[in-house]
Amino acid sequence: MKIRFNKALLFFFVFFISASATLAGEYMQADAAIGIDSNVSDGKYSILEISNIASRNNIKVLVLTDSFSMRWQYGLWPFRNVLKKTVENNSVSGYGIKRYLNEIECAQKAHPQMQVVAGLEVSPFYYWQGSIFRDNLRIKDWHKQFLVIGLDSLSSYRMLPVIGNKRGLAGPFSAKGALCLFVPLFMLLAGVFILYKIISSPDFYYDIRLKTYSKGKIFAGLLLFLLGALFLLNNFPFRDCKFDQYTQKAGVTPYQNLIDYVDAKGGLTFWSHPEARNVDSMGTVNIETGDFSEDLLLTENYTGFAILHAGYEKIGRPQGIWDELLTQYCQGLRKRPVFAIGELDYEREGDLSDYLRDLRTVLLVRELDKKEALLALKNGRMYVKRNAPYFVLDKFTLKDEASGVEKTHGEKIKTGGKVKIKIAGHFLKANETPLSIALIKDG
């Protein structure tokens, strides 16, 4: 279903889950701003400045989503972890995760009437294409990202399974890890043994003076020692990574891996700007990410996706990918439904107050606290509005006429007969522009 106001798409709704949820009348509405970067990463303002601006604009739930990592590394085979170049920009990882969370806590104390929630923009995977020797090196799929919201422990952040975070991607010690450790160690010790035998020979000093010692043996010993040492450094910590930036055929595995990790830790994952193509550059290296909306169909158990500004042409439109995902859920092909949020994606261009007025995600909560806000996001108790800062949707329910059961956003209803749809709303300020409502059934 969709509602149009002055030819601009304003609202998206979906009715699903939580059989124990209460009726709409027992909820209060809380305007949420989701997707703002601070100067910890790419943003213009500090975390406290953002919370001040959000408070002045009557935002009740502020979700900050600074970049978790902005670090790219390219290494030469076979010593990719030793002979390498690393470029790093501002990010939460570089700033310090604990320091980042402490600043969010300070902003929360400064604005007790508003919930300030920690989130991250996470790039689980990227890969290199081209060659450094042919001057056509490219970083692919860096902007294929998630918003990760609601992780509640420092260790959960530190172990995120993303490229560049070996702790998060390293598997258990295995036979392959043993080879990575013991083969280089054997080479190093063999080199030491050869050199020791030469140096400890009684005739070594005499042979040096007469230049009759074996240059081949010394070269072999030095080579084995250096190669062993290099491979030991390169292979540390002797664990098999699930994937790295040189793996070009990883598919959706890195993304599903992140979804499963965050889900196990009790957090939420939203695909970020899935329809937005991105082409950028960093020096002589291009950064390219195409439309990845089809990946929403190939992954599962994520919470939702960002819609408005990016995500409507293929995903949010009637009979689009979102409809297909929800149909799969209704058919029992998916364990969970998928919900939409409005992502501001604000960094430094434009006025933040204009962004906050333009796009909001309105959460239905029993009380204003972090737990309720996260439950609303998880269970789809929300609606998104754009270009309508003064509109309030008072009621949007489905009522089964036979049983009298009535449900609202994020709730499930079973019916075998007629369903009555109720919509009610009002404007906080006088409005002269006609409001049209389009009710769409089966596309």
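**Strands, patches and salt bridges**

Modeller: Strand E17 (residues 382–386) is largely enclosed by the rest of the structure, because 4 of its 5 residues are buried. Please keep in mind that this is a predicted model.

Biologist: Which strand pairs with E17, and in which sense?

Modeller: Strand E16 (residues 359–365) pairs with E17 in the antiparallel sense, over 5 bridges. Within that pairing, Leu359 stands opposite Arg386 in E17.

Biologist: On to the open sheet. What is the order of its strands?

Modeller: The order is E8-E9-E13-E12, an open sheet of 4 strands with mixed pairing. Strand E8 (127–129) and strand E12 (278–282) each have a single partner strand, so one side of each is left without a neighbour in the sheet. On average, neighbouring strands of this sheet are turned by 25° against each other, direction ignored.

Biologist: How many bridges join E8 and E9?

Modeller: E8 and strand E9 (residues 138–140) are joined by 3 bridges and pair in the antiparallel sense. Gln129 stands opposite Arg138 in E9.

Biologist: Which residue forms a salt bridge with Arg138?

Modeller: Glu288 does, and the closest N and O atoms are 3.7 Å apart. This pair links distant parts of the chain, as Glu288 is in strand E13 (residues 285–289) and Arg138 is in strand E9, 150 residues apart.

Biologist: Are those two residues buried, partly exposed or exposed?

Modeller: Glu288 has 21% relative accessibility and therefore counts as partly exposed. Arg138 also has 21% relative accessibility, so it is partly exposed too. The cut-off matters here, because buried means under 20% relative accessible area. Salt bridges that share partners join Arg138, Lys140 and Glu288 into one network.

Biologist: How many salt bridges are there in the whole count?

Modeller: The count comes to 15 salt bridges. Another of them joins Asp291 and Lys314, with the closest N and O atoms 3.0 Å apart. Asp291 is in the loop between E13 and helix H10 (295–298), while Lys314 is in helix H11 (residues 312–316), 23 residues apart. Asp291 is partly exposed, with a relative accessible area of 34%, and Lys314 is partly exposed at 40%.

Biologist: What about Glu372 and Arg381: buried or exposed?

Modeller: Glu372 and Arg381 are both buried. Their side chains meet in a salt bridge, at 3.1 Å from N to O.

Biologist: A change of topic: cysteines. How many disulfides does a search of the whole structure find?

Modeller: The search finds 0 disulfides. As for individual cysteines, Cys106 counts as exposed, with 53% relative accessibility. Cys180 is partly exposed, with a relative accessible area of 24%.

Biologist: Finally, which residues form the nonpolar patch on the surface?

Modeller: The patch is formed by Val419, Ile421, Ile423, Leu435, Ile437 and Leu439, which together have about 480 Å² of accessible area.

Biologist: Which strand gives the most to the nonpolar patch?

Modeller: E20 gives the most, with 3 residues. Strand E20 (419–427) and strand E21 (435–438) each supply at least two residues of the patch.

Biologist: And where is the place of Leu439?

Modeller: Leu439 lies in the segment after E21. Its relative accessible area is 55%, so Leu439 is exposed.

Notes. Residues numbered from 1 in each chain as written. Predicted model: local features only at pLDDT ≥ 70, side-chain atom pairs only at ≥ 80, totals over all residues. Heavy atoms only, no water. Buried < 20%, exposed > 50% of the residue type's maximum accessible area, 1.4 Å probe, protein only. Pairing = 2+ DSSP bridges. Axes fitted to C-alpha atoms, helices over the stretch in contact; angles between N-to-C directions. Disulfide = S-S within 2.5 Å. Patch = residues over 30% accessible without salt bridge, like charges linked within 9 Å, V, L, I, M, F, W, Y side chains within 5 Å. Areas by Shrake-Rupley, 256 points an atom, 1.4 Å probe, with all protein chains shown as cover. Salt bridge = Lys/Arg side-chain N within 4 Å of Asp/Glu carboxyl O.
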